[in-house]
Amino acid sequence: MKTEIARDGETAGRLAGKVAVITGAASGMGRAASALFVREGARVVLVDISAEGAERAAKEIDPQGGKTLAFAADVADSARMHAAVERSIEHFGAVDILFNNAGYPMEFTAIEDVDERLYQRVMDVNVKGVFVGSQAVVRHMKERRAGCIINTSSVAALRPRPGLTAYCAAKSAVITMTKALALELAPHQVRVNCIAPGATDTPMLPGFIGLKNDFEKGRAMYIGSIPLGRLATPQDIAAGALYLASDDAAFVTGEVLTIDGGRGV
Ligand SMILES: NC(=O)c1ccc[n+]([C@@H]2O[C@H](COP(=O)([O-])OP(=O)(O)OC[C@H]3O[C@@H](n4cnc5c(N)ncnc54)[C@H](O)[C@@H]3O)[C@@H](O)[C@H]2O)c1
(Lines give C-alpha, C1' and ligand atoms only; values in the text may rest on other atoms or scores of the structure.)
Protein backbone atom coordinates (compact mmCIF):
# COMPACT_ATOMS: atom_id res chain seq x y z
CA MET A 1 0.00 0.00 0.00
CA LYS A 2 2.46 2.58 -1.19
CA THR A 3 1.43 6.18 -1.38
CA GLU A 4 2.25 7.67 -4.73
CA ILE A 5 2.78 11.30 -5.61
CA ALA A 6 0.51 12.33 -8.46
CA ARG A 7 1.80 14.52 -11.27
CA ASP A 8 -0.03 17.61 -10.05
CA GLY A 9 1.80 17.32 -6.75
CA GLU A 10 -1.22 16.10 -4.80
CA THR A 11 -0.88 12.95 -2.78
CA ALA A 12 -2.54 10.03 -4.51
CA GLY A 13 -4.02 7.00 -2.81
CA ARG A 14 -7.36 5.33 -2.21
CA LEU A 15 -8.49 8.25 -0.03
CA ALA A 16 -6.80 11.06 -1.94
CA GLY A 17 -8.35 14.43 -1.11
CA LYS A 18 -10.64 12.99 1.58
CA VAL A 19 -10.99 14.20 5.16
CA ALA A 20 -11.68 11.70 7.93
CA VAL A 21 -12.65 12.14 11.57
CA ILE A 22 -11.60 9.07 13.56
CA THR A 23 -12.55 8.57 17.21
CA GLY A 24 -10.51 6.57 19.68
CA ALA A 25 -7.58 7.50 17.46
CA ALA A 26 -4.83 7.55 20.09
CA SER A 27 -4.52 3.77 20.34
CA GLY A 28 -5.23 0.40 18.77
CA MET A 29 -7.52 0.25 15.74
CA GLY A 30 -8.22 3.99 15.64
CA ARG A 31 -4.54 4.81 15.55
CA ALA A 32 -3.85 2.17 12.89
CA ALA A 33 -6.73 3.48 10.77
CA SER A 34 -5.47 7.06 11.17
CA ALA A 35 -2.00 6.05 9.95
CA LEU A 36 -3.37 4.00 7.03
CA PHE A 37 -5.82 6.71 5.97
CA VAL A 38 -3.01 9.29 5.92
CA ARG A 39 -0.84 6.91 3.87
CA GLU A 40 -3.74 6.60 1.44
CA GLY A 41 -3.94 10.35 0.93
CA ALA A 42 -6.51 11.47 3.53
CA ARG A 43 -6.21 14.21 6.09
CA VAL A 44 -7.33 12.99 9.49
CA VAL A 45 -8.75 14.55 12.65
CA LEU A 46 -7.70 12.25 15.49
CA VAL A 47 -10.33 12.46 18.22
CA ASP A 48 -9.66 10.88 21.59
CA ILE A 49 -10.63 11.36 25.22
CA SER A 50 -6.90 11.53 25.87
CA ALA A 51 -5.70 14.90 24.57
CA GLU A 52 -2.09 13.87 25.07
CA GLY A 53 -2.63 10.52 23.32
CA ALA A 54 -4.29 12.17 20.33
CA GLU A 55 -1.47 14.74 20.05
CA ARG A 56 1.20 12.06 20.26
CA ALA A 57 -0.44 9.83 17.65
CA ALA A 58 -1.00 12.79 15.29
CA LYS A 59 2.68 13.80 15.54
CA GLU A 60 3.98 10.24 15.11
CA ILE A 61 1.79 9.64 12.06
CA ASP A 62 2.50 13.01 10.47
CA PRO A 63 5.81 14.40 11.77
CA GLN A 64 5.85 17.24 9.20
CA GLY A 65 2.31 18.32 10.12
CA GLY A 66 -0.49 19.34 7.77
CA LYS A 67 -2.18 15.98 7.36
CA THR A 68 -3.40 15.40 10.90
CA LEU A 69 -5.12 17.35 13.63
CA ALA A 70 -5.60 16.18 17.22
CA PHE A 71 -8.87 16.95 18.98
CA ALA A 72 -9.73 16.01 22.57
CA ALA A 73 -13.31 14.85 23.05
CA ASP A 74 -15.37 12.30 24.90
CA VAL A 75 -17.51 10.75 22.17
CA ALA A 76 -20.46 10.64 24.56
CA ASP A 77 -20.36 14.44 24.81
CA SER A 78 -22.54 15.75 22.01
CA ALA A 79 -21.22 19.33 22.21
CA ARG A 80 -17.60 18.17 21.90
CA MET A 81 -18.40 15.92 18.94
CA HIS A 82 -20.14 18.80 17.19
CA ALA A 83 -17.04 20.89 17.94
CA ALA A 84 -14.79 18.17 16.46
CA VAL A 85 -16.77 18.17 13.22
CA GLU A 86 -16.79 21.99 13.07
CA ARG A 87 -13.04 22.07 13.67
CA SER A 88 -12.48 19.58 10.84
CA ILE A 89 -14.56 21.68 8.43
CA GLU A 90 -12.78 24.86 9.52
CA HIS A 91 -9.30 23.34 9.27
CA PHE A 92 -9.57 20.83 6.40
CA GLY A 93 -12.71 22.11 4.65
CA ALA A 94 -14.96 19.06 5.08
CA VAL A 95 -15.70 15.73 6.67
CA ASP A 96 -15.96 12.95 4.08
CA ILE A 97 -15.54 10.02 6.47
CA LEU A 98 -16.53 9.58 10.11
CA PHE A 99 -15.11 6.49 11.80
CA ASN A 100 -17.00 6.06 15.11
CA ASN A 101 -14.40 3.71 16.53
CA ALA A 102 -14.01 4.66 20.21
CA GLY A 103 -15.36 2.07 22.60
CA TYR A 104 -15.52 1.27 26.29
CA PRO A 105 -14.77 -2.30 27.39
CA MET A 106 -15.80 -4.31 30.39
CA GLU A 107 -14.26 -7.29 32.06
CA PHE A 108 -16.09 -10.56 32.51
CA THR A 109 -18.57 -9.80 35.31
CA ALA A 110 -21.70 -11.68 36.42
CA ILE A 111 -24.72 -9.49 35.74
CA GLU A 112 -25.58 -9.18 39.43
CA ASP A 113 -22.17 -7.66 40.04
CA VAL A 114 -22.27 -5.05 37.28
CA ASP A 115 -22.29 -1.62 38.84
CA GLU A 116 -24.95 0.64 37.32
CA ARG A 117 -22.30 3.28 36.57
CA LEU A 118 -20.29 0.73 34.57
CA TYR A 119 -23.43 -0.25 32.64
CA GLN A 120 -24.13 3.42 31.90
CA ARG A 121 -20.59 4.14 30.73
CA VAL A 122 -20.59 1.08 28.45
CA MET A 123 -23.83 2.34 26.89
CA ASP A 124 -22.75 5.99 26.77
CA VAL A 125 -19.47 5.43 24.96
CA ASN A 126 -20.40 2.49 22.72
CA VAL A 127 -23.97 3.45 21.80
CA LYS A 128 -24.53 7.14 22.53
CA GLY A 129 -21.05 7.91 21.19
CA VAL A 130 -21.94 6.45 17.79
CA PHE A 131 -25.32 8.21 17.83
CA VAL A 132 -24.07 11.72 18.68
CA GLY A 133 -21.00 11.38 16.45
CA SER A 134 -23.31 10.60 13.54
CA GLN A 135 -25.69 13.41 14.51
CA ALA A 136 -22.80 15.86 14.51
CA VAL A 137 -21.82 15.09 10.92
CA VAL A 138 -25.06 14.26 9.17
CA ARG A 139 -26.24 17.77 8.20
CA HIS A 140 -22.87 18.45 6.57
CA MET A 141 -22.89 15.16 4.66
CA LYS A 142 -26.51 15.58 3.55
CA GLU A 143 -25.75 19.07 2.21
CA ARG A 144 -22.84 17.69 0.21
CA ARG A 145 -24.82 14.62 -0.88
CA ALA A 146 -21.77 12.53 -0.05
CA GLY A 147 -20.21 10.90 2.95
CA CYS A 148 -19.39 7.70 4.70
CA ILE A 149 -19.86 6.65 8.31
CA ILE A 150 -18.17 3.57 9.74
CA ASN A 151 -19.04 2.30 13.21
CA THR A 152 -17.20 -0.23 15.33
CA SER A 153 -19.31 -3.07 16.65
CA SER A 154 -17.82 -6.38 17.76
CA VAL A 155 -18.08 -10.11 17.26
CA ALA A 156 -19.45 -9.93 20.82
CA ALA A 157 -22.67 -8.65 19.22
CA LEU A 158 -22.93 -11.55 16.77
CA ARG A 159 -21.80 -14.32 19.10
CA PRO A 160 -22.43 -12.99 22.61
CA ARG A 161 -20.45 -14.39 25.50
CA PRO A 162 -21.45 -14.71 29.16
CA GLY A 163 -20.13 -12.09 31.55
CA LEU A 164 -20.14 -9.32 28.95
CA THR A 165 -23.91 -8.76 28.76
CA ALA A 166 -23.87 -4.96 28.76
CA TYR A 167 -21.01 -4.77 26.24
CA CYS A 168 -22.64 -7.36 23.93
CA ALA A 169 -25.94 -5.44 24.06
CA ALA A 170 -24.20 -2.15 23.34
CA LYS A 171 -22.29 -3.51 20.35
CA SER A 172 -25.49 -5.14 19.10
CA ALA A 173 -27.20 -1.74 19.21
CA VAL A 174 -24.38 -0.41 17.02
CA ILE A 175 -25.29 -2.92 14.30
CA THR A 176 -28.98 -2.03 14.30
CA MET A 177 -28.19 1.68 14.45
CA THR A 178 -25.87 1.21 11.44
CA LYS A 179 -28.61 -0.47 9.41
CA ALA A 180 -31.31 2.02 10.38
CA LEU A 181 -29.06 4.99 9.61
CA ALA A 182 -27.94 3.42 6.32
CA LEU A 183 -31.58 3.38 5.19
CA GLU A 184 -32.23 6.90 6.47
CA LEU A 185 -29.20 8.37 4.73
CA ALA A 186 -29.16 6.37 1.48
CA PRO A 187 -31.41 8.90 -0.32
CA HIS A 188 -28.72 11.49 0.52
CA GLN A 189 -25.91 9.33 -0.92
CA VAL A 190 -24.36 8.86 2.52
CA ARG A 191 -23.21 5.29 3.25
CA VAL A 192 -23.19 3.77 6.74
CA ASN A 193 -21.47 0.48 7.58
CA CYS A 194 -19.90 -1.17 10.55
CA ILE A 195 -17.02 -3.43 11.39
CA ALA A 196 -17.28 -6.33 13.82
CA PRO A 197 -13.73 -7.08 14.95
CA GLY A 198 -12.85 -10.30 16.68
CA ALA A 199 -10.23 -10.38 19.44
CA THR A 200 -7.65 -7.81 18.39
CA ASP A 201 -4.21 -7.28 19.82
CA THR A 202 -4.67 -3.86 21.43
CA PRO A 203 -4.48 -2.53 25.00
CA MET A 204 -8.22 -3.34 25.32
CA LEU A 205 -7.73 -7.07 24.83
CA PRO A 206 -6.74 -8.44 28.28
CA GLY A 207 -10.11 -7.56 29.85
CA PHE A 208 -12.03 -9.32 27.10
CA ILE A 209 -10.04 -12.50 27.19
CA GLY A 210 -10.63 -13.06 30.89
CA LEU A 211 -8.07 -14.93 32.98
CA LYS A 212 -6.52 -11.54 33.66
CA ASN A 213 -4.12 -13.02 36.18
CA ASP A 214 -2.82 -15.41 33.56
CA PHE A 215 -3.14 -13.40 30.38
CA GLU A 216 -0.72 -15.55 28.39
CA LYS A 217 -2.77 -18.67 29.13
CA GLY A 218 -6.02 -16.87 28.27
CA ARG A 219 -4.47 -15.54 25.08
CA ALA A 220 -3.25 -18.99 23.97
CA MET A 221 -6.67 -20.54 24.71
CA TYR A 222 -8.37 -17.81 22.74
CA ILE A 223 -6.04 -18.14 19.76
CA GLY A 224 -6.83 -21.87 19.77
CA SER A 225 -10.46 -20.99 18.99
CA ILE A 226 -9.62 -18.83 15.95
CA PRO A 227 -9.57 -20.82 12.67
CA LEU A 228 -6.84 -18.64 11.12
CA GLY A 229 -4.73 -19.28 14.22
CA ARG A 230 -3.91 -15.77 15.44
CA LEU A 231 -5.42 -12.64 16.92
CA ALA A 232 -6.44 -9.77 14.65
CA THR A 233 -3.98 -6.91 14.44
CA PRO A 234 -5.11 -3.27 14.51
CA GLN A 235 -3.91 -3.15 10.88
CA ASP A 236 -6.36 -5.93 9.90
CA ILE A 237 -9.20 -3.77 11.19
CA ALA A 238 -7.79 -0.60 9.61
CA ALA A 239 -7.69 -2.39 6.23
CA GLY A 240 -11.41 -3.15 6.56
CA ALA A 241 -12.13 0.47 7.45
CA LEU A 242 -10.12 1.62 4.42
CA TYR A 243 -12.18 -0.62 2.14
CA LEU A 244 -15.47 0.71 3.56
CA ALA A 245 -14.25 4.32 3.39
CA SER A 246 -12.99 4.03 -0.19
CA ASP A 247 -14.82 4.14 -3.50
CA ASP A 248 -14.28 0.38 -3.72
CA ALA A 249 -17.29 0.18 -1.40
CA ALA A 250 -19.31 2.81 -3.27
CA PHE A 251 -22.35 0.50 -3.46
CA VAL A 252 -22.02 -0.97 0.04
CA THR A 253 -24.25 0.34 2.81
CA GLY A 254 -25.91 -1.14 5.90
CA GLU A 255 -23.33 -3.92 6.03
CA VAL A 256 -21.45 -5.55 8.89
CA LEU A 257 -17.88 -6.47 7.95
CA THR A 258 -16.71 -9.18 10.31
CA ILE A 259 -12.94 -9.37 10.73
CA ASP A 260 -12.23 -12.24 13.10
CA GLY A 261 -10.14 -14.93 11.41
CA GLY A 262 -13.23 -17.12 11.03
CA ARG A 263 -14.04 -17.40 14.73
CA GLY A 264 -17.68 -16.43 14.25
CA VAL A 265 -18.34 -19.03 11.54
N1 LIG B 1 -9.58 -5.12 21.04
C2 LIG B 1 -10.54 -5.99 20.80
O3 LIG B 1 -10.38 -7.21 20.99
C4 LIG B 1 -11.88 -5.52 20.27
C5 LIG B 1 -12.75 -6.47 19.72
C6 LIG B 1 -13.96 -6.04 19.19
C7 LIG B 1 -14.29 -4.70 19.20
N8 LIG B 1 -13.44 -3.80 19.76
C9 LIG B 1 -13.83 -2.39 19.67
O10 LIG B 1 -12.89 -1.74 18.82
C11 LIG B 1 -12.83 -0.35 19.13
C12 LIG B 1 -11.38 0.10 19.30
O13 LIG B 1 -10.82 -0.61 20.39
P14 LIG B 1 -9.26 -0.91 20.53
O15 LIG B 1 -9.14 -2.36 20.78
O16 LIG B 1 -8.51 -0.27 19.43
O17 LIG B 1 -9.00 -0.19 21.93
P18 LIG B 1 -7.80 0.69 22.53
O19 LIG B 1 -7.97 0.61 23.99
O20 LIG B 1 -6.50 0.32 21.92
O21 LIG B 1 -8.17 2.16 22.01
C22 LIG B 1 -9.34 2.80 22.40
C23 LIG B 1 -9.13 4.30 22.29
O24 LIG B 1 -10.39 4.94 22.52
C25 LIG B 1 -10.18 6.02 23.41
N26 LIG B 1 -11.43 6.28 24.12
C27 LIG B 1 -11.98 5.54 25.11
N28 LIG B 1 -13.12 6.10 25.53
C29 LIG B 1 -13.30 7.21 24.78
C30 LIG B 1 -14.29 8.21 24.74
N31 LIG B 1 -15.33 8.20 25.58
N32 LIG B 1 -14.16 9.22 23.85
C33 LIG B 1 -13.10 9.28 23.01
N34 LIG B 1 -12.13 8.36 23.01
C35 LIG B 1 -12.22 7.33 23.88
C36 LIG B 1 -9.07 5.57 24.32
O37 LIG B 1 -8.43 6.68 24.96
C38 LIG B 1 -8.16 4.84 23.35
O39 LIG B 1 -7.23 5.71 22.75
C40 LIG B 1 -13.70 -0.17 20.36
O41 LIG B 1 -14.98 0.28 19.95
C42 LIG B 1 -13.80 -1.56 20.94
O43 LIG B 1 -14.96 -1.73 21.72
C44 LIG B 1 -12.24 -4.16 20.29
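Colleague: What should I know before I start?
Modeller: The model is predicted: local features need pLDDT of at least 70, side-chain atom pairs count only at pLDDT 80 or more, and totals for chains, interfaces and linings use all residues. Residues are numbered from 1 along each chain as its sequence is written, and side-chain values use heavy atoms, with hydrogens and water left out.

Colleague: Which residues come nearest the ligand?
Modeller: Ser27, Asp48, Asn101, Tyr167 and Thr202, of the 29 residues around the ligand. Around means a heavy atom within 4 Å.

Colleague: What lies 2.9 Å from an oxygen atom of the ligand?
Modeller: A polar side-chain atom of Lys171. Tyr167 has a side-chain N or O atom 2.6 Å from a ligand oxygen.

Colleague: Switching to helices. At what angle do α3 and α4 cross?
Modeller: Roughly 40°, and the axes come within 8 Å. Axes are lines fitted to C-alpha atoms over the stretch in contact, with angles from 0 to 180 degrees between N-to-C directions. Helices are DSSP runs (H or I, at least four residues), numbered from the N terminus.

Colleague: Which residues of α3 make the contact?
Modeller: Ser78, Met81, His82, Val85 and Ile89. Among their α4 partners are Val132 and His140. Contact means heavy atoms within 4.5 Å.

Methods. Helix = DSSP H or I, 4+ residues; strand = E, 2+ residues; numbered from the N terminus. Polar contact = N/O pair within 3.5 Å; in protein donor to acceptor, adjacent residues only side chain to side chain.
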